[in-house]
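Terms are given with their cut-offs where they come up.

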Amino acid sequence: MPTSRILLWSGLAAAAGGAVLCALGWYGISGERFAERQLPYLASCTVPGAALIVAGAVLAGTAALLPVRPPEPRPAEPEETPPPSSDGPLLRVPGGTLAHRPDCPLVAGRPEAVEAGDAELAPCPVCEPWPP
């Protein structure tokens, strides 16, 4: 998260907290007739509330003065691996319904794979032995 956003939201939170404290202090003071009984509300709510409002204004003002940086470019997504591309005879697994290139990962290294010959087979979606 950019620093300016952190400062802005911190400033807004501090100012809101200060406003709540000032309102609580005012409410407490308004219920007391004598000044001696109003001082605790001033000390515990109104003065800290005013300080939070000032601090919030400073933080929000600082956030407004910071330069805006352009977003950093995201790293390039890895490209898909191209399908296998050998030119040998097409293979199939006995009883299978797909034709594969010899270097297709689905049949490579399998001793039971045999040449497809003239069998009617669908193209493998992994190695794509011929254009659709």
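A pocket, on a 1 Å grid over the protein atoms alone, is an open set of points where a 1.4 Å probe fits, with protein on both sides within 12 Å along at least five of seven lines; its lining residues have an atom within 4 Å of a point. Grid points are joined across faces, edges and corners, and a volume is the space filled by probe spheres set on the points. This is a predicted model, in which local features need pLDDT of at least 70 and side-chain atom pairs count only at pLDDT 80 or more, while totals for chains, interfaces and linings use all residues. Residues are numbered from 1 along each chain as its sequence is written, and side-chain values use heavy atoms, with hydrogens and water left out.

The largest pocket holds about 260 Å³ of space. Its lining includes Pro2, Thr3, Ser4 and Arg5, together with Leu66, Pro67, Val68 and Arg69. By type, the lining residues divide into 6 nonpolar, 2 polar and 3 charged; here Ala, Val, Leu, Ile, Met, Phe, Trp, Tyr, Cys and Pro count as nonpolar, Asp, Glu, Lys and Arg as charged, and the others, Gly among them, as polar.

Helices (H or I, at least four residues) and strands (E, at least two) are DSSP runs, numbered from the N terminus. Helix H1 covers residues 3-30, and its 28 residues should span 40 Å at 1.5 Å a residue, which agrees with the 40 Å between its end C-alpha atoms. The expected span is 1.5 Å times one less than the number of residues. Accessibility is sorted by relative accessible area: buried is under 20%, exposed over 50%, and partly exposed in between (1.4 Å probe, protein chains only). The buried residues of H1 are Leu7, Gly11, Ala14, Gly18, Gly25, Gly28 and Ile29, and they pack against helix H2 (35-65). Glu36 lies in H2 and is exposed, with a relative accessible area of 60%.

Leu66 lies in the loop between H2 and strand S1 (91-92). At 31% relative accessibility, Leu66 is partly exposed. With contact meaning heavy atoms within 4.5 Å, Leu66 meets Thr3, Ser4 and Leu7, its neighbours within four places in sequence left aside. The C-alpha atoms of Leu66 and Ala116 are separated by 68 Å, at 50 residues apart along the chain. For Glu112 and Val93, 19 residues apart along the chain, the C-alpha separation is 6.5 Å.

Glu112 belongs to the loop between S2 and S3, where it is partly exposed at 35%. Not counting residues up to four places away in sequence, Glu112 touches Arg92, Val93 and Pro94. His100 is found in the loop between strand S2 (98-99) and strand S3 (114-115) and is buried at 5% relative accessibility.

How many disulfides does a search of the whole structure find? The search finds 0, a disulfide being a pair of cysteine sulfur atoms within 2.5 Å. The sulfur of Cys124 has its closest cysteine sulfur in Cys127, 3.8 Å away, so it is too far for a bond. Cys124 is buried, at 1%. For Cys45, the closest cysteine sulfur is in Cys22 at 8.7 Å, also too far for a bond, and Cys45 is buried at 13% relative accessibility.
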